[in-house]
Amino acid sequence: MHDTDTDADIASAPLPTAKTLRARKNLFIQFGRFLAINTKMLKIIRKEHR
Amino acid sequence: MARVVVLGGGIAGHTAALHLTRMLKRSDEVVVVTPNSNWNWIPSNIWVGVGKMKTDQVTFKLGPIYKRKGIEFHQALATAIHPEGDVSHARPFVDVSYTDSTRAGEHGELEYDYLVNATGPKLNFGATPGLGPDGHSNSVCTSGHAVGAAAALQESIEKMKKGEHQVLVVGMGHGTCTCEGAAFEYAFNVEHEVRQAGVRDLADIVYLTNEYELGDFGVGGLTFTQQGFQTTSKLWTESLFRERGIRAITGAHVTGVEEGVVHYEKLDGSISSLFFDFAMLLPPFRGVDLKAFDADGADISDELFAPNGFMKVDADYTAKPFEEWRAEDWPSTYQVPRFPNIFAVGIAFAPPHQISRPRKSPNGTVIAPSPPRTGMPSGIMGKLAATNIAEMIRNGATAQVRTASMADMGAACVASAGSGLRLGSAASMTMYPVVPDLVRYPGTGRSLKDTFGEIGLAGHWIKLALHYMFIYKAKARPGWHLIPE
């Protein structure tokens, strides 16, 4: 069941640091990201409804 | 007075029907034909499939909504279209077979002036022997399937709590499946649940996919900028697999599923088997079993439908190699060329070709993700059909129809990677356009400004907000139409 190529790609993929993982869960940072991502998504949505 | 019949009550059909009630005169009629009595917010089936939500949190009865909105509702399965009418019908009509308990099996004929085919997919479990809830694997395609998947997953978790090792396989049940994003979401939600249950060390989670490489998602992968560099969804996705310890088998076509074992062929032609304790494998889609007949009763299904059962619209269906694919091949109004009063939207329209490069194994097996056209694109197409039908009713031959090609349409996707207001996470992505256009965007085919990806708790909040917002919209609560598709 081994998929040698994909396993090797996964094994060499960048691993997030502890700091990055904390940032992904930090409520203050994530609230800011929530607003930023929604803004990006609204931009895409506006293109459809122009 | 015009009569518009909408076949299908999913995202595309329901969106079209609700907008039609807003855009047409009171004297016009809007009719919905769908075999299901419930509407289902399918993206949240992922959470039903891990036991985090109940069926009634992702579904609601369509009947009361349609009664309130003045929509004529037929709980029935459309079986044939007669776009020219016949000897006994001057107008075009649709044959239907009722599915509600009071009229089960009864035949009906519904005349129309305009028809919206939003019948969605037929879940083609039969394409792979042993696939699906009636076979040896689970599915999350319907809320009922998801309930079964949650129960099976819980059994595996209980076994792990007793110290038993379990192999959990999540992915695609055929080489031509679509919706890789949903399988991706389910794999990471399973991993999240197993971790929360404190038995992660006893679970071997394997993602089995027809994608050539991780991060393809059936759209040929994405390229976006991150911290001053261009990066790919492949690298980004592989990073998440590494972080969460999920293994992956790519470029696989599942040939059969037996009790506890899945057989598959890979793009290099090798044949392998994978033993499992729990499997959730999505089926391939095909068009629903709908036929078409001309005024004399001759079968014209081949003219209206592609061999995969999806309806042919204003696309360029000329067979050509990947290198010659163009953005212009994709449909823009979703009208059937010979019958411009018929629209096919959402999954029901036949795409001209895949978005990802199609590949074959040395044995000739096609292993090629089909193009995704669910969610946001489906809703946009549904609204487009409603807008154009209203315009055609108002202005007849001088009507100016609007367009919405997937090659000029963006999509916002949120792929859940675990639920919980504090512990959840999701991959948030946008892409523009969905179908790459190498003429407008040389190199990657998409706008680097409008294509991005990010992982974090914020994505989970967005997915949860979308869940409540779209159910509110689908229930046609006050101001529903202000919520974009």
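Reply: Four strands of chain B make an open sheet with parallel pairing, in the order β14-β11-β10-β18. Strands here are DSSP runs of E, at least two residues long, and helices are runs of H or I, at least four residues long, both numbered from the N terminus. Strands pair if DSSP finds at least two bridges between them. The model is predicted: local features need pLDDT of at least 70, side-chain atom pairs count only at pLDDT 80 or more, and totals for chains, interfaces and linings use all residues. Residues are numbered from 1 along each chain as its sequence is written, while chains are lettered from A and ligands numbered from 1 in the order in which they are written.

β14 (247-249) and β18 (278-282) of chain B each pair on one side only. Neighbouring strands of this sheet are turned by 15 degrees against each other on average, direction ignored. That angle is between lines fitted to C-alpha atoms, for helices over the stretch in contact; angles run from 0 to 180 degrees between N-to-C directions. β10 (residues 166-172) of chain B pairs with β18(B) over five bridges, in the parallel sense. B:Leu168 has B:Phe278 of β18(B) as its bridge partner.

Now take β14(B) as the way out. The buried residues of α7(B) pack against β14, β13 (229-232) and β27 of chain B, together with α1 of chain A. Helix α7 (residues 233-244) of chain B has twelve residues. Its first and last C-alpha are 16 Å apart, close to the 16 Å expected at 1.5 Å a residue. The expected span is 1.5 Å times one less than the number of residues. Buried residues of α7(B) include B:Trp236, B:Leu240 and B:Phe241. Buried means 20 or more other C-beta atoms within 10 Å of the residue's own; exposed means 12 or fewer, and partly exposed lies in between, with C-beta atoms placed from the backbone.

Six bridges join β25(B) to β26(B). Five join β26 (residues 426-431) of chain B to β27(B).

In all, 26 residues of chain A are in contact with 32 residues of chain B. Contact means C-beta atoms, placed from the backbone, within 7 Å. α3(A) gives the largest share of chain A's side, twelve residues. That side divides into twelve nonpolar, four polar and ten charged residues. Ala, Val, Leu, Ile, Met, Phe, Trp, Tyr, Cys and Pro count as nonpolar, Asp, Glu, Lys and Arg as charged, and the others, Gly among them, as polar.

Last, confidence. Chain A averages a pLDDT of 88, and 88% of the residues score at least 70. pLDDT is the predictor's confidence in each residue, from 0 to 100.

Technical notes. Contact = placed C-beta atoms within 7 Å.
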